[in-house]
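Reader: I would like to learn how to read a model like this one. Can we take it feature by feature?

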Amino acid sequence: MNRRKWFRSCALATLSLPLFAWRGVAQEGGNPTLADTLRVGLRCRREAEIAFVNLVVARVNERRIPEAMVLKLFDYARARRPKLPFPYFEAAMRKQAVSLGVTL
């Protein structure tokens, strides 16, 4: 295998990783749940991050936090720092939760 072919295969493998991250996340209908979208999109790795996302999803299911607000903060965090969006999401979510009177 020559160098160009090897670099090309490495580049294709690297570019296709985000596609594989979504595979297996979707439900039977083909749409990912809110929890899956937040976990993958915010790049949650630690148990504390996953627990926070699950808590936010629970509050959305209880209708104490609007889903539209969560998705808006999700987009804000990803635009703010695409490689590490979770800290921005968490800070903004906690601030908004205080204004709504919800404990996180």
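Author: Start with the elements. Helices (H or I, at least four residues) and strands (E, at least two) are DSSP runs, numbered from the N terminus. Keep in mind that this is a predicted model.

Reader: How many helices and strands are there in the protein?

Author: There are six helices and zero strands. From the N terminus on, the order reads α-α-α-α-α-α.

Reader: What share of the contacts with a separation of 6 or more comes from residues 24 or more positions apart?

Author: Such residues account for 51% of those contacts.

Reader: And burial: what share of the residues counts as buried?

Author: The cut-off is under 20% relative accessible area. Of the 104 residues, 29% count as buried. The protein exposes about 7,600 Å², and carbon and sulfur atoms supply 55% of that area.

Reader: Now the charges. How many salt bridges does the structure hold?

Author: The general idea comes first. Side chains of opposite charge can pair when their charged atoms come close. This structure holds five salt bridges.

Reader: Take E49 and R46, which meet in a salt bridge. Is E49 buried or exposed?

Author: E49 is buried, because its relative accessible area is 11%. R46 is at 54%, so R46 counts as exposed. The N to O distance of this pair is 3.5 Å.

Reader: Where do R94 and E90 sit?

Author: Both are in helix α6, residues 86-100. They are four residues apart, so about one helical turn separates them. R94 is partly exposed at 34%, and E90 is partly exposed at 24%.

Reader: Where is R59, and what is R59 in contact with?

Author: R59 is in helix α4. R59 is buried, with a relative accessible area of 15%. Leaving aside neighbours within four places in sequence, R59 is in contact with R64, I65, V102, T103 and L104. The C-alpha atoms of R59 and A97 are separated by 9.9 Å, and these two are 38 residues apart along the chain.

Reader: Which residues form the positive surface patch?

Author: R43, R45, R78 and K83 form that patch. R45 lies in the loop between α3 (34-41) and α4 (47-61). R45 counts as exposed because its relative accessible area is 58%.

Note on methods
Residues are numbered from 1 along each chain as its sequence is written. This is a predicted model: local features need pLDDT of at least 70, side-chain atom pairs count only at pLDDT 80 or more; totals for chains, interfaces and linings use all residues. Side-chain values use heavy atoms; hydrogens and water are left out. Patches are made of residues with over 30% relative accessible area and no salt bridge: like charges are joined within 9 Å, nonpolar side chains (Val, Leu, Ile, Met, Phe, Trp, Tyr) within 5 Å. Accessible areas come from the Shrake-Rupley method with a 1.4 Å probe; for residues, only the protein chains shown count as cover. A salt bridge is a side-chain nitrogen of Lys or Arg within 4 Å of a carboxyl oxygen of Asp or Glu. Lys and Arg count as positive and Asp and Glu as negative; His and the chain ends are not counted. The place of a charge is taken as NZ of Lys, CZ of Arg, CG of Asp or CD of Glu. Buried means under 20% relative accessible area, exposed over 50%, partly exposed in between (1.4 Å probe, protein chains only). Contact means heavy atoms within 4.5 Å.
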